[in-house]
Amino acid sequence: MGIAIYEPPRIAVKHLAEIVEIINAPMLLTVGDYVSYNVLKEGLNPEIVIIDEKTRRKPVESCFTRNFMERDYQVLKSKNPPGTITRETLDTIRTAFKNVERRGYTLILVEGEEDLVAFPVILYAPPRSVIAYGLWRGALVAVIKHPYMERAILRFFDKAFEVED
């Protein structure tokens, strides 16, 4: 769905920074603990970070979350069971974008699983924003928000998900 960068974290984040700079991205957003941690560790500050304190469904060290809290990220929480995108999570993502406009960086801490949450983040992001997430085989994936990407995600939602009232 984006540009898969199969490089060690330090090099992958360097390429990500180049993409952000070249397209003059208004926002950098990350989804996933490992990719978010590495992006921050290499000196980038994503406006919105979404983590679930797990990597490959196994708990990660609490230092991942602490790193964002130490940098004054406002923390929002959301429940999102595996394989779903809940209304609560959608509302939390919308709130995160509003927070960024008002006061800066936001961390969304998901109870459950954040894997599918990249989709609505792409939908809500401003044009040319870069959304980075980790691919389980070891890549950092960079998605550039574009109308084509938005249409593809909306088609995917239409075919793959049922809306619960």
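Select D91 to begin: at 44% relative accessibility this residue counts as partly exposed, a class lying between buried (under 20% relative accessible area) and exposed (over 50%), computed with a 1.4 Å probe on protein chains only. The model is predicted, with local features requiring pLDDT of at least 70 and side-chain atom pairs counted only at pLDDT 80 or more, while totals for chains, interfaces and linings use all residues. Residues are numbered from 1 along each chain as its sequence is written, and side-chain values use heavy atoms, with hydrogens and water left out.

**Stop 1: the pair in helix α4**

The side chains of D91 and R94 meet in a salt bridge at 2.7 Å, N to O; the term denotes a side-chain nitrogen of Lys or Arg within 4 Å of a carboxyl oxygen of Asp or Glu. R94 is partly exposed, its relative accessible area being 37%. Both residues belong to helix α4, three residues apart, about one turn of the helix. Helices (H or I, at least four residues) and strands (E, at least two) are DSSP runs, numbered from the N terminus.

**Stop 2: helix α4 and its strands**

Helix α4 lies across β2 (28-31), β3, β6 and β7, and runs at about 165° to β6. Contact means heavy atoms within 4.5 Å; axes are lines fitted to C-alpha atoms, for helices over the stretch in contact, and angles run from 0 to 180 degrees between N-to-C directions.

Next, display β6 (residues 74-80) and β7 (residues 106-112), which run parallel and are joined by seven bridges. Two strands pair if DSSP finds at least two bridges between them. For landmarks, L76 stands opposite I108 in β7, and N80 stands opposite G112 in β7.

**Stop 3: the sheet**

Show the seven strands of the open sheet, whose order is β1-β9-β8-β2-β3-β7-β6 and whose pairing is mixed. Which strands stand at the edges? They are β1 (3-5) and β6, each with a single partner strand, so one side of each is left without a neighbour in the sheet. Neighbouring strands of this sheet are turned by 20° against each other on average, direction ignored.

**Stop 4: the other salt bridges**

A search of the whole structure finds three salt bridges. Select E42 and R10, whose side chains meet in one of them at 3.3 Å, N to O. E42 lies in the loop between α2 (33-41) and β3 (48-51) and R10 in helix α1 (residues 9-22), so the pair ties together parts that are 32 residues apart in sequence. E42 is partly exposed at 27% relative accessible area, whereas R10 is exposed at 61%.

Then select E150 and K145, which form a salt bridge with their closest N and O atoms 3.3 Å apart. Is K145 buried or exposed? At 6% relative accessibility, K145 counts as buried, while E150, at 29%, counts as partly exposed.

**Stop 5: the whole chain**

Finally, display everything: the protein chain holds six helices and nine strands. Buried residues make up 45% of its 165 residues.
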